[in-house]
Amino acid sequence: MRAMDRMLAAVEILRRKEGYRGYVHIKLLPGAEPAQVEAAARLANRVSINLEAPGDTYIRQLAKEKDFSGDLLPKLKLAGRLLREARQEWRPGRVRPAGTTTQFVVGPSGEKDREILGLVARLEKEELLHHAHFSAFQPVVGTPMEGERATPAMREFRLYQAEHLLRQY
C-alpha cells in the first residue's frame, strides 16, 4: 500500500536522519501489510487503526469495503502485541512505546454499547489496546447515510466514562 509506505518513510526520515525522539502517532490504513504494521510499531510511540464498529455485521453497514475480522482487528492486535513486547524490552535511547488506540463511530449501525465496551475491555485486558475513542454519529448531507439519525453526544460521553472505569478498575 503506497500511502502507508509514504507515511512510514516520512517517520523513518524524522527518526533516523533528523534524530527526532519526540512523540509520533501513526494511523494504520485499512489493508496495511503486516510488514508495514511492524515498521509502524518500531518507529512510532503510538499506533492506531480505526475499528469503527465492534464486529463484521456492523462494519458492513458503515463501509462495505472494510473487513473487520480479516483486516482491521488482526492489524490492531498485531500492533498491540508488538508494542506490548517493545514496552517490556524498552531501554533508554529507544522510542518509548505508548500502545495502540482505536476509534468507534457510535450509533449508525445499531451496535450496543455493551458490544463496544466488551471488545474494548478484552483488548485492554490483553494489553493489546491502550484506550479507545468514541465519536457520536452525525449524518453528512450528500453521503449514503445522510438520512440516518444523529447519535446523542451523551452516549459518546457515557462510553468514555465507562471505558475509563473499565481501564482503571
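Is Ala86 buried, partly exposed or exposed? Ala86 is partly exposed, its relative accessible area being 27%; here buried denotes under 20% relative accessible area, exposed over 50%, and partly exposed the range in between, with a 1.4 Å probe and protein chains only.

The views below show a predicted model, in which local features need pLDDT of at least 70, side-chain atom pairs count only at pLDDT 80 or more, and totals for chains, interfaces and linings use all residues. Residues are numbered from 1 along each chain as its sequence is written, and side-chain values use heavy atoms, with hydrogens and water left out.

**View 1. Ala86 in helix α4.** Ala86 belongs to helix α4; helices (H or I, at least four residues) and strands (E, at least two) are DSSP runs, numbered from the N terminus. Between the C-alpha atoms of Ala86 and Leu165 the separation is 26 Å, the two residues being 79 apart along the chain.

**View 2. The aromatic cluster of Phe104, Phe134 and Tyr160.** These three residues form one aromatic cluster, and the structure holds two aromatic pairs. Rings of Phe, Tyr and Trp (its six-membered ring) are paired if their centres lie within 6.5 Å; planes under 30 degrees apart are termed stacked, those over 60 edge-to-face, and the rest tilted. Phe104 and Phe134 make a stacked pair, with 6.1 Å from centre to centre and 20 degrees between the planes. This pair links distant parts of the chain, since Phe104 lies in strand β3 (residues 99–106) and Phe134 in strand β4 (residues 131–136), 30 residues apart. Phe104 is buried at a relative accessible area of 0%, and Phe134 is buried at 3%. Phe134 also pairs with Tyr160 in an edge-to-face arrangement, at 5.1 Å centre to centre and 80 degrees between the planes. Here too distant parts of the chain are linked: Phe134 in strand β4 and Tyr160 in helix α6 (residues 153–168) are 26 residues apart. Tyr160 is partly exposed, with a relative accessible area of 31%.

**View 3. The surroundings of Phe134.** Not counting residues up to four places away in sequence, Phe134 touches Phe104, Val106, Ile116, Glu156, Leu159, Tyr160 and Glu163, where contact means heavy atoms within 4.5 Å. The C-alpha atoms of Phe134 and Val106 are 6.5 Å apart, although 28 residues separate them along the chain.

**View 4. Arg96 over the ring of Trp90.** The charged end of Arg96 is placed over the Trp90 ring, 3.7 Å from its centre. A charge sits over a ring if NZ of Lys or CZ of Arg is within 6 Å of the ring centre and within 35 degrees of the ring normal.

**View 5. The crossing of helices α2 and α4.** The axes of helix α2 (residues 34–43) and helix α4 (residues 68–88) come within 9 Å and cross at roughly 40 degrees. Axes are lines fitted to C-alpha atoms, for helices over the stretch in contact, and angles run from 0 to 180 degrees between N-to-C directions. The α2 and α4 crossing is right-handed. From α2, Pro34, Val37, Glu38 and Ala41 meet Lys75, Leu78, Ala79, Leu82 and Leu83 of α4. Seven residues of this contact are nonpolar, none is polar and two are charged.

View 6. Most residues other than glycine have a negative phi. Glu52, not a glycine, has a positive phi of about 75 degrees; Glu52 is located in the loop between β2 (46–48) and α3 (56–62) and counts as buried at 12% relative accessibility. Glu127, likewise not a glycine, has a positive phi of about 60 degrees. Glu127 occupies the loop between α5 (113–125) and β4 and counts as partly exposed at 45% relative accessibility.

**View 7. Thr101 in strand β3.** Thr101 is placed in strand β3 and is buried, with a relative accessible area of 3%. Neighbours within four places in sequence aside, Thr101 is in contact with His25, Arg46, Val47, Ser48, Ile49, Leu76, Leu129, His131 and His133.

**View 8. Pro30 in the loop between β1 and α2.** Pro30 lies in the loop that runs between β1 (25–27) and α2, and counts as partly exposed at 33% relative accessibility. Residues up to four places away in sequence not counted, Pro30 touches Met1, Lys66, Asp71 and Leu72. The C-alpha atoms of Pro30 and Arg155, 125 residues apart along the chain, have a separation of 26 Å.

Note on methods: A crossing is left-handed if the near helix is turned anticlockwise from the far one by less than a right angle, and right-handed if clockwise. Ala, Val, Leu, Ile, Met, Phe, Trp, Tyr, Cys and Pro count as nonpolar, Asp, Glu, Lys and Arg as charged, and the others, Gly among them, as polar.
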